[in-house]
6 protein chains.
Amino acid sequence: MPRSGGIASMMRLPVQENTDGLDVCFVGVPLDSGASNRSGTRLGPRQIRQESCIIRAANHTLGAVPFEDVQVADVGDVSMNIYNLPEAVKQIKAAYDKLISNGCVPLTMGGDHTITYPILQAIKDKHGPVGLIHVDAHADINDVMLGAPIAHGTPFRRAVEYGCLDCSRVIQIGLRGSIYSLDDYQWALDQGFRVVTSKECWHKSLEPLMAEVRGMMGQGPVYISFDIDALDPSYAPGTGTPEIGGLTIYQALEILHGSAGLNIVGADVVEVSPPYDMAGTTALTAANLLFEMLSILPGVKRRQ
Amino acid sequence: MPRSGGIASMMRLPVQENTDGLDVCFVGVPLDSGASNRSGTRLGPRQIRQESCIIRAANHTLGAVPFEDVQVADVGDVSMNIYNLPEAVKQIKAAYDKLISNGCVPLTMGGDHTITYPILQAIKDKHGPVGLIHVDAHADINDVMLGAPIAHGTPFRRAVEYGCLDCSRVIQIGLRGSIYSLDDYQWALDQGFRVVTSKECWHKSLEPLMAEVRGMMGQGPVYISFDIDALDPSYAPGTGTPEIGGLTIYQALEILHGSAGLNIVGADVVEVSPPYDMAGTTALTAANLLFEMLSILPGVKRRQ
Amino acid sequence: MPRSGGIASMMRLPVQENTDGLDVCFVGVPLDSGASNRSGTRLGPRQIRQESCIIRAANHTLGAVPFEDVQVADVGDVSMNIYNLPEAVKQIKAAYDKLISNGCVPLTMGGDHTITYPILQAIKDKHGPVGLIHVDAHADINDVMLGAPIAHGTPFRRAVEYGCLDCSRVIQIGLRGSIYSLDDYQWALDQGFRVVTSKECWHKSLEPLMAEVRGMMGQGPVYISFDIDALDPSYAPGTGTPEIGGLTIYQALEILHGSAGLNIVGADVVEVSPPYDMAGTTALTAANLLFEMLSILPGVKRRQ
Amino acid sequence: MPRSGGIASMMRLPVQENTDGLDVCFVGVPLDSGASNRSGTRLGPRQIRQESCIIRAANHTLGAVPFEDVQVADVGDVSMNIYNLPEAVKQIKAAYDKLISNGCVPLTMGGDHTITYPILQAIKDKHGPVGLIHVDAHADINDVMLGAPIAHGTPFRRAVEYGCLDCSRVIQIGLRGSIYSLDDYQWALDQGFRVVTSKECWHKSLEPLMAEVRGMMGQGPVYISFDIDALDPSYAPGTGTPEIGGLTIYQALEILHGSAGLNIVGADVVEVSPPYDMAGTTALTAANLLFEMLSILPGVKRRQ
Amino acid sequence: MPRSGGIASMMRLPVQENTDGLDVCFVGVPLDSGASNRSGTRLGPRQIRQESCIIRAANHTLGAVPFEDVQVADVGDVSMNIYNLPEAVKQIKAAYDKLISNGCVPLTMGGDHTITYPILQAIKDKHGPVGLIHVDAHADINDVMLGAPIAHGTPFRRAVEYGCLDCSRVIQIGLRGSIYSLDDYQWALDQGFRVVTSKECWHKSLEPLMAEVRGMMGQGPVYISFDIDALDPSYAPGTGTPEIGGLTIYQALEILHGSAGLNIVGADVVEVSPPYDMAGTTALTAANLLFEMLSILPGVKRRQ
Amino acid sequence: MPRSGGIASMMRLPVQENTDGLDVCFVGVPLDSGASNRSGTRLGPRQIRQESCIIRAANHTLGAVPFEDVQVADVGDVSMNIYNLPEAVKQIKAAYDKLISNGCVPLTMGGDHTITYPILQAIKDKHGPVGLIHVDAHADINDVMLGAPIAHGTPFRRAVEYGCLDCSRVIQIGLRGSIYSLDDYQWALDQGFRVVTSKECWHKSLEPLMAEVRGMMGQGPVYISFDIDALDPSYAPGTGTPEIGGLTIYQALEILHGSAGLNIVGADVVEVSPPYDMAGTTALTAANLLFEMLSILPGVKRRQ
């Protein structure tokens, strides 16, 4: 089948309705009701699937052929009431409770960052508090946005409150941009998060940082949440709240390669907004990051 | 000042915070949380303002020079909680209560069609039930969408329930597209609405229809709600739920020209979604429709 | 499920690998190797599926609820060697032989117009020579293009040679544009085709023409081939060889509505080129035309 | 040669530096310094050439094969100082003086409408005052714009002052849009121009109008100036000052077809702005209108 | 107010007509008449304002909260005759004379680079000759372009002639691209400018360079002129004369951060061309660079 | 002539039909029939020419003024049957046999990478086996694609089979992306190719690598094939098979600068796909890379 043909499932994988028999699932959450600036991420999962059709079987850098080692399928998107964020959050939580009940690792396509809160709730209920590698331009730890406690700038505050995170094993990488107040990152530091601004990463390989991260995470369960706006807008124009001076794609890949060996129990790539992604490269990037995530999961062998 | 210069207020009008001293105001409601398909209308008001900068003073067709006859300004956008639709609806209602308390006629830039419900509430509280000229591809009379009573497909059902409409003076023009069930329009007919599908308009001038409408509306208060997707997508690609086979721009202008002389107490143009409006022509169309609406308001003279 | 969510199958229908148990199938042929000007139609099926997600269940104009009357699914795309047109044509023919062996009616998403030749071959082998309603800007009856007998400008010449067509029941509607030689349409006339140029349609309803067409087609088997460039570029910019002065969308719908009652054994919409369809309206139009085609198939009842 | 290949000369014609031996020349004037709203027409000639590569040899509607009857080539673009409009106007005039000194008919690709003034000067100096068929959304008869006498809104006022026009044989078709003052068109009427607003054309064939125009023009020399914004933005989004409610493409073609037989001494299509013409259809339209203009020139035979 | 709402003033600041009471003003100059390649910068100020709506109050890197330390507003755009560059230059000069008469620091949104000449004239008349940090792909020191002394490639030659610059305190950073002649940069060197080509910056932090620059500038008045095309096109596609191999955004930020402490009397970001900035990231970058400029102005404290 | 004006020949050079009297020619091969994912490269040559109009005479980095030292012209595009890849390959070979018969160095604008096979055949027949600097994301050494031996993923396997390459002098730089199997690069290594993945290049100058390459290539004839997708998508979004994590533009320029002094007998830039290159920066990049290639050819002097 030509790559431009066929039903656009994630990486042209089989589609199934639940996670029976799966080690790993790709799942979408087509939500943008939590966005504060430009919208459009509701179309993220569909566009990531479309661009993912070029993904092939083997990961040369990691020496991995993930589809040979783990059972993986596309389980479609979570259905929810996009007109009511608190209700949507509950519906997402319930959907993930079911998806991961058998230990299946969810690799999520967003959707705005609101969705990571209910995902982490489900992860916590299954696995207990997790370590978190949070790659993002924004800390997303606001208490409220326009008066609302649920929005795309609040998930990690809510997640802490719910007990989702092992705060001593949380790192935020790539923070930058104008902020509301000079102490915007203070709450994170107060929880014990490690905060690495984008500027600390300029002109550098992140391999040393990732060595540190591996030490920090140990063998406890880890979740990776990758907001595509962590990348500089030159790499990811198709997002709602781009901030200049971001991570390079090389650093993004180093973060994921450097996470190999960790006990990853879930991961997401969020905030891809197709209407601002004219050439499709942002969705393509997301699809590839998800392939890297798949390639580093427990159970996927390093063959070279 | 070159037309490409200056702060982009609506039609380059003065900006003021309230409607003191105004006969007419332009006001935006930057909401897209009520959209069911593609989002982006939250940027509608800003884009309409931008394209409106080409609007000049005189309306040749109508022989009108509205800025000479009525006091009009841009009062900016309504502030609201975009993360909570029911609350946003209340905030919009409250904002309009204030804007129209002195009888000022609001000309609204949407935003998705959800916003017409709270606007009509405020209009009703000020003027009593109104006649309605509703130009749209969709009837927007659903009871719920994805379980939610407030969304962009329900405003006119909610408006009837609130008593906003004089149902014998309601006409819906331009309806079309695939529908959920063959009796989708039945509820409207049951209320006494006049329903004119787009197909009834093909290849025709709407001047005869508008003569009928003027008779139907009489001298009672009238509100005009113009969903830009009433137009065929060839005229208005920049919208979230386009439907083929729509009204022509000539028919749209005939509808507005044919409404001259009515006792119009408010009007809106909604559902402009800038991310899908690459050349800006949809926003330009909205800006011009709003200029036509301004030109037919009570108090604006026919000078030729 | 929000309309922006879920795997993008055609009209969100179930996907199955073959036509077992189906009355009708949607099938894609993601080919652009036969294009002469701009390419990109290889992505047509995927984009049409994406935009089709807004299609709802009922067809108000026709009083039809097709999914209630016929079994229909999305059978995915035809696999073929896109690097070898003659071989691809054979592969498409073989695929359709199988798809329609049980009488299933194929509704095809192109792909460039080359594909209609092998589809018609399969149709002929199943049903015998068919009547043809060919809606297009171009006659597509060249003998060769750049020396090649198989390309998107030759399918109907090849189809006649193969005996696919009952030439007394062939009509071409919408022809226009600059042509190679003043007698370009002569070969069609010589076969007995009825040729209706776009100019003959200007400013007119096509309902009278369709009455004539229904008489011409009688109750014999009929195939409808709709090249999206039949439409004026204002309605369908996303195509490879647009020609100005084309059919309106109203006329296109009249052609399909006017074909209701015919013994349609297959139909296609071809030449949608997503890279030139920035706002998605061309693919949306194709999706809707396919919904109209579905709604007029034998077995679908007129309920109103 | 595939149509997507080869140096993009106009209609893939030979390129030569002057008009020696030519009956007709295509020539570009890549200027946008005279634009008042959005710029970009400086790239118009290049884009029109690019899209013109699909134009074939024969004009079916007119029964014409122009390249067989007249010698025609692409003479490239006029060189000028784009930083100094008055000087540019002089340079354009001088260039056209030379181009048409042998009676060659110039078919011009704009460029903003400023350029028609110096072209008409050269035409006048060669042929005396001419009749004018001016198709446009705007009258372009301002005295000054932002204080400048030379700009894209003033060419026809300047042309009258220079004596270029036989004012009793001037018609302006398609005028519309908001205007500065209700008497904006009065100056044109005062000169004796026939003014036909776009609204007078709605829902109508323009064949009757063109019969009248042919009578009005007689056998005297005629110039056709076609501003692409005469067309409704649905047909021509790629322009700097679009106005809704414009001519249809069918009417545009009727105007040109209806001009066949006139003593045309020059013609232009102006105001194509490629940055706003994402799918290239505006430039394609311009290329086709220029092909129609070529097809109606004196010396081109009606073969059918 | 949601960030997508409200009148798009620069950084959502108050708008006022003059600089009374202001320490700093944002001001636009919507000109593109001086462009040599692609146009469109006339829309730069409007687009920068639009994207600036995401800018928040605090600058984490610099520990600055500029709106607390200096009075700043948006004073709109300079009005000028865009059809006459020399006259426009005079009008800009006059406007800036007024804007800065009270010592207000102008932060300018271009517009093409022509505008920096009259701005520097006004700056010189107020402050005497200034040091200049000129970040650009092009030296912009041509004597004439197409015969014109005023254009976007000549401002710094003109500025030297007018005595605007303290030539021993001028640095040009980022120069590159094909040039007219191998000695194109010689005139700059002859004046005593420091010239740093982009290639000298590859793979490097510019912090060492900026230490040198701070030494070079001392405490005399300094102007910063930042042509967005200094950045590599990957960061800033939306400009008229992009050149490959440019500065990274990290280097751009280092230049501005490294200018903190200088006696900056004015700054600009020019050459943003919205029609080539599909995802808005170039305008967003400009808005952020202007926020950095604001954050380093004298009077803005380092709070961390 | 303004840069936006004139016939768009490569770098505004004269156009001639053959290579008589030329040392170097620019030539296009407008093919995309060999593409596996997104198409559109058939328009590459035309778009590269268009964007090349900004290229000026001198190369500052290299101290070269190539047009003074070598005779160079644009010889247009190769004509071929785009519907039959094997035949097209033969036609390209024949065309290049002729173009280079007099020793003229061809600088090719693609077109998809299929074209390098026949070019190398012609090069081999003229010059014998050559060294190859192959810059690409993909090794392009597949045996077949979808069953076809001729496609854009096979040229270098075919070239080896034909004896085009001196395999000890072949280097592939920039390889990356998901691959079919972990031993995808093994065939290349088996031939003796030097393989440098993109990851080996991250965060590094490639000057050391190029020193090595110069040693490897010696003074034997060398061909450079530059697939634009070697660059990271941030630099080159306009291509059919983008892969994240690619070379930077700085590295690309270092590769070409570092090839100065080699005995280059031909070079190409392929896989530019204009429909995905909204702002034109990919084509601009290709045009500049071709200017760098021209500047390093034997016979072009280093003047500084």
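Predicted model: local features only at pLDDT ≥ 70, side-chain atom pairs only at ≥ 80, totals over all residues.
How far apart should the ends of the 15-residue helix H9 of chain F be, at 1.5 Å a residue? Select residues 281-295 of chain F to find out.

**Stop 1: helix H9 of chain F**

**Stop 2: chains F and C**

Now colour chain F and chain C separately. Select the residues where they touch: 19 residues of chain F are in contact with 19 residues of chain C. On the chain F side, ten of these residues are nonpolar, seven are polar and two are charged.

Next, superpose chain F on chain C. A rotation of 180° does it, with 0.0 Å of shift along the axis and an RMSD of 0.0 Å. The two copies are thus related as by a two-fold rotation axis. Both copies use the same surface, since 100% of the contact residues of chain F recur in chain C.

**Stop 3: pairs that do not touch**

Switch to chains A and D. No contact joins them, and their closest C-alpha atoms lie 12 Å apart. Then try chains B and F. Here too no contact is found, with the closest C-alpha atoms 12 Å apart.

**Stop 4: the annotated site in chain A**

**Stop 5: A:Asp136**

Zoom in on A:Asp136. This residue lies in the loop between strand S4 (130-135) and helix H5 (155-162) of chain A. Is A:Asp136 buried or exposed? It has 26 C-beta neighbours inside 10 Å, so A:Asp136 counts as buried.

Show its contacts beyond four places in sequence. They are A:Gln172, A:Gly174, A:Leu175, A:Asp227, A:Asp229 and A:Ala230.

**Stop 6: A:His138**

Move along to A:His138, which is found in the loop between S4 and H5 of chain A. With 25 C-beta neighbours inside 10 Å, A:His138 counts as buried. Which residues does A:His138 contact, leaving aside neighbours within four places in sequence? Select A:Gly153, A:Leu175, A:Gly177 and A:Thr241 to see them. A:Leu175 is in contact with A:Asp136 and with A:His138.

Key
Residues numbered from 1 in each chain as written. Chains lettered and ligands numbered in written order. Contact = placed C-beta atoms within 7 Å. Nonpolar A, V, L, I, M, F, W, Y, C, P; charged D, E, K, R; others polar. Least-squares fit on C-alpha atoms with pLDDT ≥ 70 in both. Helix = DSSP H or I, 4+ residues; strand = E, 2+ residues; numbered from the N terminus. Buried ≥ 20, exposed ≤ 12 C-beta atoms within 10 Å, placed from the backbone. Expected span 1.5 Å × (residues − 1).
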